[in-house]
Amino acid sequence: MDVGSEQIAASAVDLLIERIAEKDVRRAPRTVKPDFRIVRRESTGFPGLGR
């Protein structure tokens, strides 16, 4: 499974920059849901891959 590590990192940086720029502004907590995908690999039981 690819959990979207690059997207998580980019979102974290964007949110941090926003928070620094608006240091005196209080905002409600937000939920960020990155995309994910299932990666087909031989070890996950998909026959014929790499053989």
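Reader: How many helices and strands does the protein chain have?

Author: One helix and zero strands. Helices (H or I, at least four residues) and strands (E, at least two) are DSSP runs, numbered from the N terminus. This is a predicted model: local features need pLDDT of at least 70, side-chain atom pairs count only at pLDDT 80 or more, and totals for chains, interfaces and linings use all residues. Residues are numbered from 1 along each chain as its sequence is written, and side-chain values use heavy atoms, with hydrogens and water left out.

Reader: What share of the residues is buried?

Author: Buried residues are 2% of the 51 in the protein chain. Buried means under 20% relative accessible area, exposed over 50%, and partly exposed in between (1.4 Å probe, protein chains only).

Reader: Switching to charges. How many salt bridges are there?

Author: The count comes to four salt bridges. The rule is a side-chain nitrogen of Lys or Arg within 4 Å of a carboxyl oxygen of Asp or Glu. Side chains of opposite charge can pair when their charged atoms come close.

Reader: Which residue does R37 pair with?

Author: D2, with the closest N and O atoms 3.3 Å apart. That pair links distant parts of the chain: R37 sits in the segment after α1 and D2 in the segment before α1, 35 residues apart.

Reader: Why does R37 count as partly exposed?

Author: Because its relative accessibility is 48%. D2 is also classed as partly exposed, at 30%.

Reader: What does R27 bridge to?

Author: R27 has a salt bridge with E18, closest N and O atoms 3.6 Å apart. R27 also meets E22, at 2.7 Å from N to O. Salt bridges that share partners join E18, E22, R27 and R30 into one network.

Reader: Now the largest pocket. How much space lies in it?

Author: About 340 Å³. On a 1 Å grid over the protein atoms alone, a pocket is an open set of points where a 1.4 Å probe fits, with protein on both sides within 12 Å along at least five of seven lines. Lining residues have an atom within 4 Å of a point. Points are joined across faces, edges and corners, and the volume is the space filled by probe spheres set on them.

Reader: What classes make up the lining?

Author: Five nonpolar, no polar and seven charged residues. Ala, Val, Leu, Ile, Met, Phe, Trp, Tyr, Cys and Pro count as nonpolar, Asp, Glu, Lys and Arg as charged, and the others, Gly among them, as polar.

Reader: Which residues form the nonpolar patch on the surface?

Author: M1, V3, I8, F36 and I38, with about 550 Å² of accessible area together. Patches take residues with over 30% relative accessible area and no salt bridge; like charges are joined within 9 Å, nonpolar side chains (Val, Leu, Ile, Met, Phe, Trp, Tyr) within 5 Å.

Reader: Where does I8 lie?

Author: In helix α1, residues 5-21. I8 is partly exposed, at 41% relative accessibility.

Reader: Last one. How far apart are the C-alpha atoms of P34 and S5?

Author: 8.4 Å, for residues 29 apart along the chain. P34 lies in the segment after α1.

Key: Accessible areas come from the Shrake-Rupley method with a 1.4 Å probe; for residues, only the protein chains shown count as cover.
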